[in-house]
Amino acid sequence: QVQLVESGGGLVQAGGSLRLSCAGSGNRFSFNVMGWYRQAPGKLRELVATINSGGSIKSGDSVKGRFTISRDYAPDRVYLRMTNVNSEDTGVYYCYARRITSYSDSDYWGKGAQVTVSS
(Lines give C-alpha, C1' and ligand atoms only; values in the text may rest on other atoms or scores of the structure.)
Protein backbone atom coordinates (compact mmCIF):
# COMPACT_ATOMS: atom_id res chain seq x y z
CA GLN A 1 0.00 0.00 0.00
CA VAL A 2 1.43 3.36 -1.04
CA GLN A 3 1.97 5.86 1.75
CA LEU A 4 3.29 9.41 1.77
CA VAL A 5 4.33 10.90 5.11
CA GLU A 6 5.19 14.57 5.49
CA SER A 7 7.45 16.07 8.15
CA GLY A 8 8.99 19.43 8.92
CA GLY A 9 5.96 21.66 9.17
CA GLY A 10 5.47 24.15 11.97
CA LEU A 11 5.58 27.79 12.91
CA VAL A 12 8.00 30.14 11.15
CA GLN A 13 8.44 33.90 11.22
CA ALA A 14 7.86 35.98 8.14
CA GLY A 15 11.07 36.21 6.16
CA GLY A 16 12.33 32.95 7.62
CA SER A 17 12.95 29.50 6.16
CA LEU A 18 11.54 26.03 6.56
CA ARG A 19 12.18 22.63 5.00
CA LEU A 20 9.50 20.06 4.37
CA SER A 21 10.21 16.41 3.71
CA CYS A 22 8.04 13.62 2.38
CA ALA A 23 8.83 9.93 2.53
CA GLY A 24 7.14 7.60 0.10
CA SER A 25 6.74 3.89 0.67
CA GLY A 26 4.89 0.90 -0.70
CA ASN A 27 5.85 1.60 -4.30
CA ARG A 28 7.87 -1.03 -6.11
CA PHE A 29 9.30 1.47 -8.58
CA SER A 30 10.05 5.18 -8.18
CA PHE A 31 7.14 7.53 -8.60
CA ASN A 32 6.98 9.29 -11.94
CA VAL A 33 6.16 12.59 -10.27
CA MET A 34 6.47 13.85 -6.70
CA GLY A 35 5.74 17.24 -5.30
CA TRP A 36 3.79 19.56 -3.08
CA TYR A 37 0.41 21.23 -3.07
CA ARG A 38 -1.00 23.51 -0.40
CA GLN A 39 -4.36 24.67 0.83
CA ALA A 40 -4.93 27.88 2.75
CA PRO A 41 -8.05 28.37 4.89
CA GLY A 42 -11.05 29.07 2.69
CA LYS A 43 -9.12 28.50 -0.53
CA LEU A 44 -8.72 25.72 -3.04
CA ARG A 45 -5.75 23.43 -3.06
CA GLU A 46 -3.02 24.82 -5.31
CA LEU A 47 0.21 23.69 -6.87
CA VAL A 48 3.40 24.57 -5.03
CA ALA A 49 5.91 22.54 -7.05
CA THR A 50 6.36 19.14 -8.65
CA ILE A 51 9.38 17.33 -10.04
CA ASN A 52 9.30 14.37 -12.39
CA SER A 53 11.70 11.47 -12.74
CA GLY A 54 13.60 13.38 -15.43
CA GLY A 55 14.14 16.31 -13.13
CA SER A 56 11.69 18.69 -14.80
CA ILE A 57 10.07 21.08 -12.34
CA LYS A 58 6.72 22.88 -12.35
CA SER A 59 6.03 25.50 -9.72
CA GLY A 60 3.36 28.00 -8.82
CA ASP A 61 4.01 31.62 -9.69
CA SER A 62 3.75 32.76 -6.08
CA VAL A 63 6.67 30.61 -4.93
CA LYS A 64 9.08 30.98 -7.83
CA GLY A 65 12.43 32.26 -6.67
CA ARG A 66 11.63 31.47 -3.02
CA PHE A 67 10.89 27.73 -2.81
CA THR A 68 13.11 24.92 -4.08
CA ILE A 69 11.99 21.36 -4.70
CA SER A 70 14.30 18.36 -4.82
CA ARG A 71 13.99 14.60 -4.55
CA ASP A 72 15.80 11.39 -3.84
CA TYR A 73 15.14 7.98 -5.37
CA ALA A 74 15.15 4.52 -3.83
CA PRO A 75 13.68 5.24 -1.44
CA ASP A 76 11.44 7.95 -2.78
CA ARG A 77 11.78 11.25 -0.97
CA VAL A 78 10.79 14.75 -1.94
CA TYR A 79 11.81 17.97 -0.22
CA LEU A 80 10.65 21.55 -0.26
CA ARG A 81 13.00 24.29 0.85
CA MET A 82 10.96 27.38 1.68
CA THR A 83 12.73 30.73 2.04
CA ASN A 84 11.58 34.30 2.56
CA VAL A 85 8.15 33.07 3.63
CA ASN A 86 5.21 35.39 4.12
CA SER A 87 1.71 35.16 5.56
CA GLU A 88 0.27 33.94 2.26
CA ASP A 89 2.38 30.81 2.58
CA THR A 90 0.35 29.71 5.59
CA GLY A 91 -1.62 26.54 4.97
CA VAL A 92 -1.59 22.78 4.93
CA TYR A 93 1.10 21.38 2.65
CA TYR A 94 0.31 18.05 1.02
CA CYS A 95 2.84 15.68 -0.43
CA TYR A 96 1.79 14.36 -3.84
CA ALA A 97 2.96 11.47 -5.96
CA ARG A 98 1.93 10.04 -9.30
CA ARG A 99 2.62 6.53 -10.48
CA ILE A 100 2.18 5.55 -14.12
CA THR A 101 2.31 1.94 -15.24
CA SER A 102 1.30 0.19 -18.40
CA TYR A 103 -2.16 -0.39 -16.95
CA SER A 104 -2.80 2.43 -14.48
CA ASP A 105 -2.23 6.09 -13.70
CA SER A 106 -2.67 6.83 -9.99
CA ASP A 107 -2.35 9.86 -7.75
CA TYR A 108 -1.44 9.64 -4.08
CA TRP A 109 -1.62 12.18 -1.27
CA GLY A 110 -0.15 12.53 2.16
CA LYS A 111 -2.22 13.65 5.13
CA GLY A 112 -0.68 17.11 5.14
CA ALA A 113 1.65 19.21 7.25
CA GLN A 114 0.61 22.54 8.73
CA VAL A 115 2.81 25.55 8.00
CA THR A 116 2.02 28.77 9.82
CA VAL A 117 3.85 32.00 9.10
CA SER A 118 3.77 34.57 11.87
CA SER A 119 4.32 38.28 11.35
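1. Asp 61 counts as exposed in this predicted model, because its relative accessibility is 65% and the cut-off for exposed is over 50%. The side chain of Asp 61 meets that of Lys 64 in a salt bridge, with 3.2 Å from N to O. Lys 64, for its part, has a relative accessible area of 49% and is therefore partly exposed, since that term covers values between the buried limit of 20% and the exposed limit of 50%.

2. A salt bridge also joins the side chains of Arg 98 and Asp 105, where the distance from N to O is 2.5 Å. Arg 98 is partly exposed at a relative accessible area of 28%, and Asp 105 likewise counts as partly exposed, its relative accessibility being 45%.

3. Salt bridges with shared partners connect Arg 38, Glu 46, Arg 66 and Asp 89 into one network. Within the structure as a whole, the number of salt bridges is six.

4. Of the network's members, Asp 89 and Arg 38 deserve a separate remark: their side chains meet in a salt bridge of 2.8 Å, N to O. The pair links distant parts of the chain, for Arg 38 belongs to strand E4 (residues 33–39), while Asp 89 lies in the loop between strand E8 (77–82) and strand E9 (91–100), and the two residues are 51 residues apart.

Key. Residues are numbered from 1 along each chain as its sequence is written. This is a predicted model: local features need pLDDT of at least 70, side-chain atom pairs count only at pLDDT 80 or more; totals for chains, interfaces and linings use all residues. Side-chain values use heavy atoms; hydrogens and water are left out. A salt bridge is a side-chain nitrogen of Lys or Arg within 4 Å of a carboxyl oxygen of Asp or Glu. Helices (H or I, at least four residues) and strands (E, at least two) are DSSP runs, numbered from the N terminus. Buried means under 20% relative accessible area, exposed over 50%, partly exposed in between (1.4 Å probe, protein chains only).
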